[in-house]
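Hi there,

Here is the structure I promised to pass on. My notes on it follow below; have a look whenever you get a moment.

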Amino acid sequence: MSYQFERRALLEELLSKGIRLTAQRRALIEVIQEAKQHLDAGAILERARKREPKIDRATVYRTIELLKKLRLIDELDLMHLEGEKHYYEAKTKRDHVHLACFRCGRIEEFSSPLFEGLKAEISKQAGFTIRVTRLDVGGNCQACAAAGETATEQEDAKTKTATVRSH
Ligand SMILES: [Zn+2]
Ligand SMILES: [Zn+2]
């Protein structure tokens, strides 16, 4: 549910552009493609090393730069939930909004015809050719919001009990 959109096929697109890939680069690209969540460079490196143990950090960054330049992946900060880390994901065929929960750190993806409409409006009214769109929303996810309400109710109950006792 949180990582649900159809993504660009990175390897196929690179190969179709005639870009030659080393085994290390291929491993990195497969990790990004197969990820079920947004990964930072460290997590990409860790996973790729299980396939190609000699991959170093520089190769990770060079590969990310290449994918970014070709606009096959997106770079995100996800509301800085974990400081200055950047996260990467294979571009989805349709743009999506990220919903970042400040309590549990969960990231949900959300798409809407309104978002597409907004982009169309920007292009039309500002005469702007959009290459990248980013919208991140921070707050409480459904589960955390519900848990928050329960916590408040319990607090209220405690306060009431205390009040009754004091009489
Ligand atoms: Zn949450
Ligand atoms: Zn995403």
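To begin with the cysteines: the count comes to zero disulfides, taking a disulfide as a pair of cysteine sulfur atoms within 2.5 Å. Cys 104 is partly exposed at 44% relative accessible area, while Cys 144 is buried at 13%. Here buried means under 20% relative accessible area, exposed over 50% and partly exposed in between, with a 1.4 Å probe and protein chains only.

Some conventions before the rest. This is a predicted model, in which local features need pLDDT of at least 70 and side-chain atom pairs count only at pLDDT 80 or more, while totals for chains, interfaces and linings use all residues. Residues are numbered from 1 along each chain as its sequence is written, chains are lettered from A and ligands numbered from 1 in the order in which they are written, and side-chain values use heavy atoms, with hydrogens and water left out.

The protein chain has six helices and six strands (DSSP runs numbered from the N terminus, with at least four residues of H or I for a helix and at least two of E for a strand). Buried residues account for 32% of its 167 residues.

His 96 sits in the loop between E3 and strand E4 (97–101) and Glu 109 in strand E5 (residues 107–110), so the pair ties together parts 13 residues apart in sequence.

There are 15 salt bridges, each a side-chain nitrogen of Lys or Arg within 4 Å of a carboxyl oxygen of Asp or Glu. One of them joins Glu 109 to Arg 7, with the closest N and O atoms 2.9 Å apart. Arg 7 lies in the segment before helix H1 (10–16), so this pair links parts 102 residues apart in sequence. Glu 109 is buried at 2%, and Arg 7 is buried at 13%. Another salt bridge pairs Arg 106 with Glu 108 at 3.5 Å. Shared partners join Arg 7, Glu 89 and Glu 109 into one network.

Best wishes
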